[in-house]
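Please open the structure in a viewer and keep the selection panel at hand.

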Amino acid sequence: MKAYLAFAVAAVLCGVQAMPAEISLLERLEKLENTVANLVSTLVESGVSFSAVLDDALFNIVIGQTIVFNKVFLNEGNAYNAQTGEFTVPMDGVYLFSYFVAEWNKDEVVLRLLVNGENRVDAVAEGLQDRHNDQGGNLVILRLHAGDTVLIQAYDSSNVHIDGAASYWYTSFSGVRLYA
């Protein structure tokens, strides 16, 4: 009885219509199970997410330079390009992005998250003294459309460096599609 009740609740949540009384309970459960399996399959197939880091320090950063996060941990949907640093939105939806930048010295590094060339959020890392690590970051949720491009770009930073190393992944860029 508990299993039937769970399937009945799932049926209501998934929008399954009431079934005629002449269909056996087993047939109803099988039909509902197929509906749930199709829904789960659709959700899994439409998953879009990525996470990448900078695995080496970048020196002499200039204003307008795109930061290329070259070590990719996850790229579901293959929307992040590790050669250009751009994420190209594969399907309309609401997306969450986060990024962090590390700086090591008394310099200031300001990065921006751009969508189609327009600034959405900024992050700053500013060391207090020589040989001092500092990190800044930001997070944003945006409604985007297929074909939009998202990237991280240096802004108000000149002739500084961004920290990264093969075994210290301080500087990162991640994103995930939350829903349609």
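Leucine 178 has its place in strand β12; helices (H or I, at least four residues) and strands (E, at least two) are DSSP runs, numbered from the N terminus. This is a predicted model, in which local features need pLDDT of at least 70 and side-chain atom pairs count only at pLDDT 80 or more, while totals for chains, interfaces and linings use all residues. Residues are numbered from 1 along each chain as its sequence is written, and side-chain values use heavy atoms, with hydrogens and water left out.

Buried means under 20% relative accessible area, exposed over 50%, and partly exposed in between (1.4 Å probe, protein chains only).

Next, select Leu139, Ile141, Val176, Leu178 and Tyr179, which form a nonpolar patch on the surface with about 450 Å² of accessible area together. Patches are made of residues with over 30% relative accessible area and no salt bridge; like charges are joined within 9 Å, and nonpolar side chains (Val, Leu, Ile, Met, Phe, Trp, Tyr) within 5 Å. Accessible areas come from the Shrake-Rupley method with a 1.4 Å probe, and for residues only the protein chains shown count as cover. β9 (133–144) and β12 each supply at least two residues of the patch, and β12 gives the most, with three residues.

**Second stop: strand β1 and its partners**

Select residues 49–53, strand β1, where four of the five residues are buried. Two strands pair if DSSP finds at least two bridges between them. β1 is joined by five bridges to strand β12 (residues 172–179), and the two run antiparallel. With strand β3 (residues 71–76), β1 likewise pairs in the antiparallel sense, over five bridges.

Which residue stands opposite valine 53 in β12? That residue is serine 172. In β3, the bridge partner of valine 53 is lysine 71.

Colour the strands of the open sheet in the order β4-β5-β10-β7-β8; the pairing is antiparallel. The edge strands are β4 (80–81) and β8 (118–126), each of which pairs on one side only. In a regular strand the side chains alternate between the two faces of the sheet.

Asparagine 81 stands opposite glutamate 86 in β5.

Now centre the view on glutamate 86, which is partly exposed at 29% relative accessibility. Leaving aside neighbours within four places in sequence, glutamate 86 is in contact (heavy atoms within 4.5 Å) with Ala79, Tyr80, Asn81, Thr149, Val150 and Leu151. A distance may also be displayed from glutamate 86 to aspartate 148: their C-alpha atoms are separated by 10.0 Å, and the two residues are 62 residues apart along the chain.

How many salt bridges are counted? The count comes to two, a salt bridge being a side-chain nitrogen of Lys or Arg within 4 Å of a carboxyl oxygen of Asp or Glu.

Select aspartate 122 and arginine 112, which form a salt bridge with the closest N and O atoms 2.8 Å apart. Aspartate 122 lies in strand β8 and arginine 112 in strand β7 (residues 108–115), so the pair ties together parts that are ten residues apart in sequence. Aspartate 122 is partly exposed, with a relative accessible area of 33%.

Then select glutamate 118 and arginine 120, whose side chains meet in a salt bridge at 3.6 Å, N to O. Glutamate 118 is partly exposed at 49% relative accessibility, as is arginine 120 at 37%.

**Last stop: the whole chain**

The chain has two helices and twelve strands, in the pattern α-α-β-β-β-β-β-β-β-β-β-β-β-β along the sequence. Of its 180 residues, 33% count as buried. The accessible surface of the chain comes to about 10,300 Å², of which 54% belongs to carbon and sulfur atoms.

Finally, colour by pLDDT, the predictor's confidence in each residue, from 0 to 100. The chain averages a pLDDT of 82, and 74% of the residues score at least 70. Over residues 1–13 the pLDDT is below 50, and this stretch has eleven contacts in the model beyond near neighbours in sequence.
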